[in-house]
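Welcome! Take a look at the sequence and the model, and then read on.

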Amino acid sequence: MASSSSLSVIGCAVALQPSDSFRPAKSKPNLLNFVPFASTPASASLTRLNRHAKPPQLNSRRLQNDLFQRSRSHKQTSSSLKRCSSVNHVTETPTATHHKQVFCFHALQRRAHRVGTRAPAIFTDKSKFSLSKKAIHAGRGIKVKEVSIPCASMGPNEPHAASTAPGDILIEEGLTSGVERIGLEMFLGSELPSHPKLYRGKLKNGLCYRILPNKVPPNRFEAHMEIHAGSIDEEDDEQGIAHMIEHVAFLGSKKREKLLATGARSNAYTDFHHTVFHIHSPTTTKDSSEDLLPLVLDALNEIAFHPKFLSSRVEKERRAILSELQMMNTIEYRVDCQLLQHLHSENKLSKRFPIGLEDQIKKWDTEKIRKFHERWYFPANATLYIVGDIDNIPKTIQQIEDVFGNADMESEADDPPALPPTTSAFSAVANFLVPKLSGGLVGNLSNGKSASTDQPKLLRKERHSIRPPVNHNWSLPGGVEAVRPPKLFQHELLQNFSLNIFCKIPVNKVRTYGDLRNVLMKRIFLSALHFRINTRYKSSNPPFTSIELDHSDSGREGCTVTTLTVTSEPSNWKGAVKVAVHEVRRLKEFGVTEGELARYLDALIKDSEQVAAMIDNVSSVDNLDFIMESDALGHTVMDQRQGHDSLVAVAGTITLQEVNSVGSKVLEFISDFGRSNAPLPAAIVACIPNKVHTDETGETEFKISPNEITAAITAGLEGPIDPELELEVPKELISSLQLEELKTQRTPMFVPISHEDNSTKVFDKETGITQRRLGNGISVNYKVIPSG
């Protein structure tokens, strides 16, 4: 899990994780690809530009970043509850005492992009991107022609070999403006390349699977079984039952327990939109070359489709979950609940926290729990992910068929094709409550009323085409409703003032070069705000503690959320809000400058290039999380090189005018606040302390009203503003020519270490360190270590 303050619940133990801030849907840092709004971990190049300001969280939405994420089941080697700062799998040993933790919250800040994955050597990478790596400069003539690119195929039949897909565009220089414009439109409308090593398939019973060979770490693999059912699918009298099933099925599996002696680790979690069981295993046993994948698949089959709902196990897990409930009642949890409840007040996301309700958890009997399992746990409502050191893809597919092929065949006729990307990536990591969906699709899907167990055929419904199946009130221009007054959450444990202004829109799936281009332009535009605030106010005594702007997608919540978060000392809150709104208004009205565009575009491309260079060093679990999140959001999955090449290709087509036009629309819910044609904020929530302490009056009650908050926002919209001054930042401090001249004038050389000794090298036999000194006085110490 990325760094973000999130309360995580994994089975029965609760871990409060440090997080930067909480906003309802954020995504974890994506180390894999330039993916739409998966908030980037402070990129190296952007960090150099802005050392003291956090880069904007442009991510698959706030959470690392994810509020209420998942409920993870696992064993711990001690019965005591442990605090942890990672949601990575917990190692299990045969003697471990069963415990579970549920990662309920993943801070609302989302995570960063992830990058592609690595394919086994037996599959030659022929997916060379057809676009020239040179930026396609706007205004220059271009000519387009179709080329063929071998890539892993997708679709209902999903053959497991590379196929040649036409339609990718090769851009070349040369033509008139008319053809140029048509060519650019064709290019931007063409589909992004798919990951060449990712294999997608579906069994006859509807079970979908994804296979990705990856050598990091060597001789190990990840197997995750994702059930497309979570807390959002619970009826009013079932709140928390999805999490209960996760506990009972996971910890009740004998086959999973037998894997512990092999060095395998396992875990599980429950989210709004899905429940995931995962096993991290060696490829073979220690004492023999026995293939462990069939055993791992068999354990996942038992956990997901053949659990034993023993009364003794149900009671044991009931006690564990009730214990979790008591531990989760922290101020961080309460704040997150408040934010989520107000952001999604119009749908079930505000009422279906995976941890559930205590009075209901105490009442369920075994039959009640079994009915929910029968309603939602069937192969056609599941996806299996296998990522790791696997070379023989046909063999792996056969092993999947052998274990899962005969499961639930009676419902084959009702099983739909593979689920369109809608369950989440990015951290991603340890969350359990925040879903994301795409395209603004609004569900009129059934949530599946409980039916009796003597009707299994009727219970086996199609998997949802939209996840999560909820309706959203979008923050779109031209709404007829009035702005809802700010909501206040006041608590004695809060010490600072914080204001969150939310905007909620449908997720835009990133599938074409034009989609990626829009993401890039928003990234550039929003990056400017943090840098400006840092440079403008760093030398003064600003009224705010921090001002953050997040724009990210959420598969768990099925939306894209933009959040302006302002934090300050209680006494300075009005000034802090005014500054934040004022700077947002300045950016929206005047946009970024030519210099800012050049600097941020260059920084993003350099970071993308570095990520592409790491293509063989991305871990299997990071690759898997990325694929799952991308599928949840409906984004095309590319590997790191494809992502970089695609980014370079679209970078040369953007203009300053387009960047400012696209970016300004993201900020209209703040910059045009109160206007009739402005997008309405989805929610405005202030979290404030009960009392404050001052040197003059001591401790006094802190009073604030919704009208005062509205007035502070309005104050930031008033008064004159000036455009940002162009900042000249040289690309280099010294030219290559000047450097060469200096090198000829002062030839680098080693000089004697001391005046007494003319030796230019001193070797210390005891330490193996060699000491030398350059002519400019700089000491150089090094030690030679034999390779191998």
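A residue is called buried when its relative accessible area is under 20%, exposed when that area is over 50%, and partly exposed in between. With that in mind, buried residues make up 59% of the 788 residues in the protein. Please remember that this is a predicted model.

**The overall picture**

The protein has 20 helices and 25 strands. Its exposed surface comes to about 32,200 Å², and carbon and sulfur atoms supply 52% of that area.

What lies inside? In soluble globular proteins, nonpolar side chains tend to be buried together. Here, the largest nonpolar core has 63 residues, and Leu-520, Ile-524 and Leu-564 have the most contacts inside it. Helix α12, which covers residues 513–537, gives the most to this core, with 13 residues. A second, separate core has 61 residues, including Met-225, Ile-232, Leu-300 and Ile-369.

Leu-733, Ile-734, Leu-739 and Leu-742 form a nonpolar surface patch, with about 400 Å² of accessible area together. Ile-734 sits in the loop between α19 (706–716) and α20 (736–745). With a relative accessible area of 35%, Ile-734 is partly exposed.

Helix α10 runs over residues 393–404, which is twelve residues. From its first C-alpha to its last it reaches 16 Å, close to the 16 Å expected at 1.5 Å a residue. Which residues of α10 are buried? They are Ile-393, Thr-396, Ile-397, Gln-399, Ile-400, Val-403 and Phe-404. These residues cover an arc of only 155 degrees around the axis, so they lie on the same side of α10. Pro-394 and Asp-402, on the other side of α10, are exposed.

Helix α7 (residues 331–343) has 13 residues and spans 18 Å between its first and last C-alpha, close to the 18 Å expected at 1.5 Å a residue. This helix is mostly covered, with ten of its 13 residues buried. Among them are Tyr-333, Asp-336, Gln-338 and His-342, as well as Ile-331 and Leu-343.

**Charged pairs**

Side chains of opposite charge can pair when their charged atoms come close. How many salt bridges does a search of the whole structure find? The search finds 29. Three of these pairs are set out below.

| Pair | N to O distance |
|---|---|
| Lys-255 and Asp-298 | 3.0 Å |
| Glu-708 and Lys-574 | 3.9 Å |
| Lys-606 and Asp-602 | 3.2 Å |

Let us take the pairs in turn. In the salt bridge of Lys-255 and Asp-298, Lys-255 belongs to helix α4 (residues 254–258) and Asp-298 to helix α5, so the pair ties together parts that are 43 residues apart in sequence. Lys-255 is partly exposed, at 34% relative accessible area, and Asp-298 is partly exposed at 28%.

In the salt bridge of Glu-708 and Lys-574, Glu-708 lies in helix α19 and Lys-574 in helix α13 (residues 573–590), so this pair ties together parts that are 134 residues apart in sequence. Glu-708 is partly exposed with a relative accessible area of 30%, and Lys-574 is partly exposed at 46%.

Lys-606 and Asp-602 are four residues apart in helix α14 (residues 594–613), so they are separated by about one helical turn. Lys-606 has a relative accessible area of 38% and is partly exposed; Asp-602 is partly exposed too, at 39%.

Salt bridges can also be linked in a network: here one joins Arg-532, Arg-536, Glu-583, Arg-586, Glu-596 and Glu-724.

**Details in the loops**

Most residues other than glycine have a negative phi, and most peptide bonds are trans. The loop between β10 (208–213) and β11 (220–227) holds Pro-217, and the peptide bond from Val-216 to Pro-217 is cis, with omega near -5 degrees. Asn-219 lies in the loop between β10 and β11; it has a positive phi of about 60 degrees although it is not a glycine.

A last stop is His-306, in the loop between α5 (293–305) and α6 (311–327). Is His-306 buried or partly exposed? His-306 is partly exposed, with a relative accessible area of 45%. The C-alpha atoms of His-306 and His-373 are separated by 9.9 Å, with the two residues 67 apart along the chain.

Note on methods:
Residues are numbered from 1 along each chain as its sequence is written. This is a predicted model: local features need pLDDT of at least 70, side-chain atom pairs count only at pLDDT 80 or more; totals for chains, interfaces and linings use all residues. Side-chain values use heavy atoms; hydrogens and water are left out. Helices (H or I, at least four residues) and strands (E, at least two) are DSSP runs, numbered from the N terminus. Buried means under 20% relative accessible area, exposed over 50%, partly exposed in between (1.4 Å probe, protein chains only). Accessible areas come from the Shrake-Rupley method with a 1.4 Å probe; for residues, only the protein chains shown count as cover. Patches are made of residues with over 30% relative accessible area and no salt bridge: like charges are joined within 9 Å, nonpolar side chains (Val, Leu, Ile, Met, Phe, Trp, Tyr) within 5 Å. A salt bridge is a side-chain nitrogen of Lys or Arg within 4 Å of a carboxyl oxygen of Asp or Glu. A nonpolar core is a set of buried Ala, Val, Leu, Ile, Met, Phe, Trp, Tyr and Cys residues joined through side-chain atoms within 4.5 Å. The expected span of a helix is 1.5 Å times one less than its number of residues. The arc is that of the directions from the helix axis to the C-beta atoms.
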